[in-house]
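Hi,

Here is the structure I promised to pass on. Have a look through it, and my notes follow below.

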Amino acid sequence: MLPLQPENKTTFGRRIKEGDLVILYERHDRMKAVRVQSGAESGNKFGVFAHSDWIGKPFGTKVFSKKGGFVYLLAPTPELWTLVLSHRTQILYIADISFVVSFLEICPGCLVLESGTGSGSLTTALARAVAPTGHVYTFDFHELRADSAREDFEKNGLSSLITVEVRDIQGKGFPEKFCGDVDAVFLDLPQPWLALPSATEALKPDGILCSFSPCIEQVQHVCEILNTTDFTGQSFLASQSF
């Protein structure tokens with residue numbers, strides 16, 4: 001997914017290897033993630049596809065079954081991963097993700113804190129944005145959910161960029177070890193205002209905070225709290241999905 005090592009860069013020139021994660025694309029609304037295993041097969045209504053036929057082919061290849069049906073073998077980009085991941089919670093989709101990453105001004109080398117992890121849709125995109133030298137620390141109070149997210153990041157080869165921790169950020173705040181070192185903080189919590197004091201301490205003087213909430217009452221409460229702090233340049237942005 002990420003160009004951490006030149007030989008693993010997922011471009012049309014990079015050829016599929018044993019053990020790679022591939023997005024099996026049937027059509028725009030039907031795709032799934034498959035781990036390439038020699039001797040294994042993947043089947044659908046278009047036929048049966050042997051994994052051994054995929055090895056050595058570049059990402060983006062169109063492969064055919066004996067029935068004449070075909071699928072595309074795509075690289076697991078964050079955009080495609082968002083469409084195939086297991087929904088353990090409601091997730092952010094591409095429009096909101098691009099919005100958040102842009103306004104948080106995340107770039108390679110950044111240190112980012114996120115709470116909560118949820119299904120890891122945004123986390124995956126954050127990891128690509130900070131690669132290859134940055135890091136994302138993501139927190140979720142739900143242990144099983146955090147474990148599942150950690151497994152997904154390992155599948156995608158993102159373990160060196162993402163650290164998943166089980167922690168109630170609303171109750172305990174972010175760990176003190178981050179004090180003054182963080183470039184950006186993203187909050188997606190029921191009561192995000194409870195995390196504001198520790199987020200403030202974690203951020204650099206020029207760091208950026210984003211609180212993402214579905215209800216206007218949550219937004220209003222966060223804005224009221226922020227008005228009593230040293231944060232500047234506050235803005236309220238509404239996103240609408242079509």
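Let me start with a question: in which loop does Gly 116 lie? Gly 116 is in the loop between strand E7 (111–115) and H3. Helices (H or I, at least four residues) and strands (E, at least two) are DSSP runs, numbered from the N terminus. The bond joining Ser 115 and Gly 116 is a cis peptide, with omega about 0°.

Before going on, some ground rules. This is a predicted model, where local features need pLDDT of at least 70 and side-chain atom pairs count only at pLDDT 80 or more, while totals for chains, interfaces and linings use all residues. Residues are numbered from 1 along each chain as its sequence is written, and side-chain values use heavy atoms, with hydrogens and water left out.

Now the overall picture. The chain has seven helices and 11 strands, and its C-alpha atoms fill a box of roughly 65 × 35 × 30 Å along the principal axes. Taking contacts (heavy atoms within 4.5 Å) between residues at least 6 apart in sequence, 55% join residues at least 24 apart.

Back to H3, residues 121–130. Nine of its 10 residues are buried, so the helix is largely enclosed by the rest of the structure. Among the buried ones are Leu 122, Leu 126 and Val 130. Pro 132 sits in the loop between H3 and strand E8 (135–140).

Most residues other than glycine have a negative phi, and most peptide bonds are trans. Glu 105 is found in the loop between helix H2 (94–103) and E7, and it counts as exposed because its relative accessibility is 56%.

Last, the surface. Phe 99, Phe 103 and Leu 237 make a nonpolar patch of about 280 Å². Areas come from the Shrake-Rupley method with a 1.4 Å probe; for residues, only the protein chains shown count as cover. Leu 237 lies in the segment after helix H7 (216–226) and is partly exposed, at 43%.

Cheers

Note on methods. Buried means under 20% relative accessible area, exposed over 50%, partly exposed in between (1.4 Å probe, protein chains only). Patches are made of residues with over 30% relative accessible area and no salt bridge: like charges are joined within 9 Å, nonpolar side chains (Val, Leu, Ile, Met, Phe, Trp, Tyr) within 5 Å. A salt bridge is a side-chain nitrogen of Lys or Arg within 4 Å of a carboxyl oxygen of Asp or Glu.
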